[in-house]
Amino acid sequence: MAAHDPRQRADALARSLTDLLAPVVADTGLHLEGVETTRAGKYSVVRVFVDLADGPGDLDLDALGPVTAAVSQALDEADPVKGQYTLEVSTPGAERELSTLRHFRRAVGHSVCLRADGEELTGVVTAADADSDAGEGDDNGLVSIEVDGVERRIALRDISEAQMVVTGL
């Protein structure tokens with residue numbers, strides 16, 4: 001891609017913002033899940049996704065106020081976004097994608113739909129633990145999911161896609 005490609009610039013800005021904002025969000029006790037930027041003419045939107053650091057639980061909307069203020073202040077001081085922009089700070093949402101062991105630990109007790117080794121499974125995540133036999137690494141872990149009353153243990157590296165699903169509505 002050419003250096004002037006808008007998508008490449010947006011990706012570079014998102015990486016820069018991630019580096020800037022990760023410690024700011026961590027100082028509020030939360031985890032920076034991701035940053036997205038979009039541009040429409042001379043206006044930009046900066047979307048910052050935050051979550052609890054680890055484990056099950058819900059992120060209270062009251063917690064978004066302090067992290068939004070901290071992120072806004074950091075952006076004002078560093079001024080990394082050219083022109084006017086709108087800042088949006090939110091959670092990844094109820095039907096978030098799951099790709100890391102931390103994501104699955106956050107999903108314990110929740111319904112998920114996942115694909116592993118070509119098989120699609122829907123069930124409730126019961127555990128997500130490091131795989132002590134596999135050594136260190138981002139994809140070394142075991143996810144336990146209860147499917148139709150049967151516990152299944154799946155290596156994280158074998159899961160090609162996964163998403164939390166809202167049930168009972």
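Helix α2, residues 64-78, lies across β1, β2 and β3, and runs at about 150° to β3. Some terms before I go on. Helices (H or I, at least four residues) and strands (E, at least two) are DSSP runs, numbered from the N terminus. Lying across rests on contact, meaning heavy atoms within 4.5 Å. Axes are lines fitted to C-alpha atoms, for helices over the stretch in contact, and angles run from 0 to 180 degrees between N-to-C directions.

This is a predicted model, where local features need pLDDT of at least 70 and side-chain atom pairs count only at pLDDT 80 or more, while totals for chains, interfaces and linings use all residues. Residues are numbered from 1 along each chain as its sequence is written, and side-chain values use heavy atoms, with hydrogens and water left out.

Now the sheet under discussion. β1, β2 and β3 form an open sheet in that order, with mixed pairing; two strands pair if DSSP finds at least two bridges between them. β1 (30-40) and β3 (84-90) are at the edges with a single partner strand each, so one side of each has no neighbour in the sheet. Direction ignored, neighbouring strands here are turned by 15° against each other on average. Ten bridges pair β1 with β2 (residues 43-52) in the antiparallel sense. Valine 35 stands opposite valine 48 in β2.

On the record side, UniProt lists residues 20-95 as "domain: Ribosome maturation factor RimP N-terminal", in an unreviewed entry. UniProt positions are given in the numbering used here, feature names are shortened, and annotations may be inferred rather than shown by experiment. In the model, that span is 30% helix and 37% strand, and its end C-alpha atoms lie 27 Å apart.

Next, the other sheet. It is open, has five strands in the order β7-β6-β5-β4-β8, and its pairing is antiparallel. β7 (150-155) and β8 (159-164) are the edge strands, each with a single partner, so one side of each is left without a neighbour in the sheet. The twist averages 40° from one strand to the next. β4 (residues 111-116) and β8 run antiparallel and are joined by five bridges. Valine 112 has methionine 164 in β8 as its bridge partner.

Finally, the whole protein. It has three helices and eight strands, running α-β-β-α-β-α-β-β-β-β-β from the N terminus on. The C-alpha trace spans about 55 × 40 × 35 Å along its principal axes. Of the 169 residues, 34% count as buried, meaning under 20% relative accessible area, with exposed over 50% and partly exposed in between (1.4 Å probe, protein chains only).
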